[in-house]
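My entries follow in the order I made them.

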Amino acid sequence: MRLGFSRAPAWRRWTLITAAGALAVAAAAAAGSPGGASAAAHTAAAGGPREYSCPILPASNPLNQDISHAPVDPNSAEYIAAIGASGHLHADFGTDPSYGIPYTVVGPHQPRVPIRFTEYGEESNPGPYPVPPNAPVEGAGEEGDRHVLVLQKGTCKLYELYGARRSGAGWEAGSGAVFNLRSNALRPEGWTSADAAGLPIFPLLVRYPEVRSGQIDHALRVTVESTQRGYIHPATHYASDSSDPSLPPMGLRLRLNANFSLAGYHGQALVVLRALKRYGLIVADNGSSWYITGAPDPRWNNEDLNQLKSVPGSAFQAVQSGPILHRG
């Protein structure tokens, strides 16, 4: 097991991750043309989200699927009560670089450097990774989960590290994962990633460029205080020893009720709320309940984002997206 924490406004969240047995890593496809030199415009939902001349996972990926008409999960009321019906949304990102999870974008010729895994090497994709020496670390260098996310243009691959620190000519990390953004391939069953649920982090972040475009076309990452020992695909890993069926599993999808009025909401918060009705939240880690993860950016309007704090947990439903698995 590993017990880690990450910094967030006035709180510390703790993540319990149960180690799983080693499995064989499926080879990832690496096809496609080189990406452009700058970020591409955010595209319509029909083509799926696209940035830096790369698809941010295929349009058919579960994380990019419209769940506005998905059936309500029979255990929805129990899940919402366990997460906290009287709790409220919170934007765990903003202008402060120490809040949220940053990312960096590199070119196809970025030098690869060695990665030494200190905790979960048996569940990690081996290095080297194209992580630059100045890659931003979650928490702005403070203690915590210390995620490092790198999107490589051209190859359209995503490299993500947990517990990352510079080490010699490269980096050391608790765990690491590589995702082909052109593929729907999952992590091996029971494997973690840089996140507790075995999911990629970057595709689930609230990112300023897409909010500025006026539309988010994917699910958003959320933390909840307690989870059960199970997961729903595309998650591949659980982060609890509890068999309590009222607790949400990793990978659970949560949708803002269609009848929740958005009247009075505006700006950046309104774009997020519209996405929560269409694509919803996905449970990706243990932490403070209803905290939505985004990337820090000096262009965020913190006062605008604070509107999210008026949205209660009772305004959400859990929807069906697949069976709960207990492997690993």
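**Entry 1: after H1.** I started at the end of H1, where Gly-84 follows the helix. Its phi is positive, near 130 degrees. I note here that the model is predicted.

**Entry 2: H1 itself.** H1 covers residues 76-83. Which of its residues are buried? I found Ser-76, Tyr-79, Ile-80 and Ile-83. I then looked down the axis of H1. The buried residues fall within an arc of 95 degrees, so they line one face of the helix. I turned to the face away from that buried side and found Ala-77 and Ala-81, both exposed.

What do the buried residues of H1 pack against? I listed three strands: S13 (220-224), S14 (253-256) and S17 (316-319).

**Entry 3: H3.** Next I took H3, residues 267-278. I checked its span. The helix has 12 residues and reaches 17 Å from its first C-alpha to its last. That is close to the 16 Å expected at 1.5 Å a residue.

How many of the 12 residues in H3 are buried? I read 9, so I logged the helix as mostly covered, with buried taken as under 20% relative accessible area. Among them are Leu-270, Val-271, Val-272, Leu-273 and Leu-276. Gln-268 and Lys-277 are also on the buried list. Just after H3, I noted that Gly-280 takes a positive phi of about 75 degrees.

**Entry 4: aromatic pairs.** I counted pairs with ring centres within 6.5 Å. The count comes to 8 aromatic pairs. I looked up one of them, Tyr-208 with Trp-300. The two rings are 5.4 Å apart, centre to centre, with 85 degrees between the planes. I recorded the pair as edge-to-face.

Where do the two partners lie? Tyr-208 is in helix H2 (residues 208-213). Trp-300 is in the loop between strand S16 (291-293) and helix H4 (302-305). The pair therefore ties together parts that are 92 residues apart in sequence. Are Tyr-208 and Trp-300 buried or exposed? I found both buried.

**Entry 5: charges over rings.** I finished with two arginines. Arg-207 has its charged end over the ring of Phe-202, 4.4 Å from the ring's centre. Arg-166 lies over the face of Trp-171, and here I noted 5.8 Å from the ring centre.

Definitions and conventions: Residues are numbered from 1 along each chain as its sequence is written. This is a predicted model: local features need pLDDT of at least 70, side-chain atom pairs count only at pLDDT 80 or more; totals for chains, interfaces and linings use all residues. Side-chain values use heavy atoms; hydrogens and water are left out. Buried means under 20% relative accessible area, exposed over 50%, partly exposed in between (1.4 Å probe, protein chains only). Helices (H or I, at least four residues) and strands (E, at least two) are DSSP runs, numbered from the N terminus. The arc is that of the directions from the helix axis to the C-beta atoms. Contact means heavy atoms within 4.5 Å. The expected span of a helix is 1.5 Å times one less than its number of residues. Rings of Phe, Tyr and Trp (its six-membered ring) pair if their centres lie within 6.5 Å; planes under 30 degrees apart count as stacked, over 60 as edge-to-face and the rest as tilted. A charge sits over a ring if NZ of Lys or CZ of Arg is within 6 Å of the ring centre and within 35 degrees of the ring normal.
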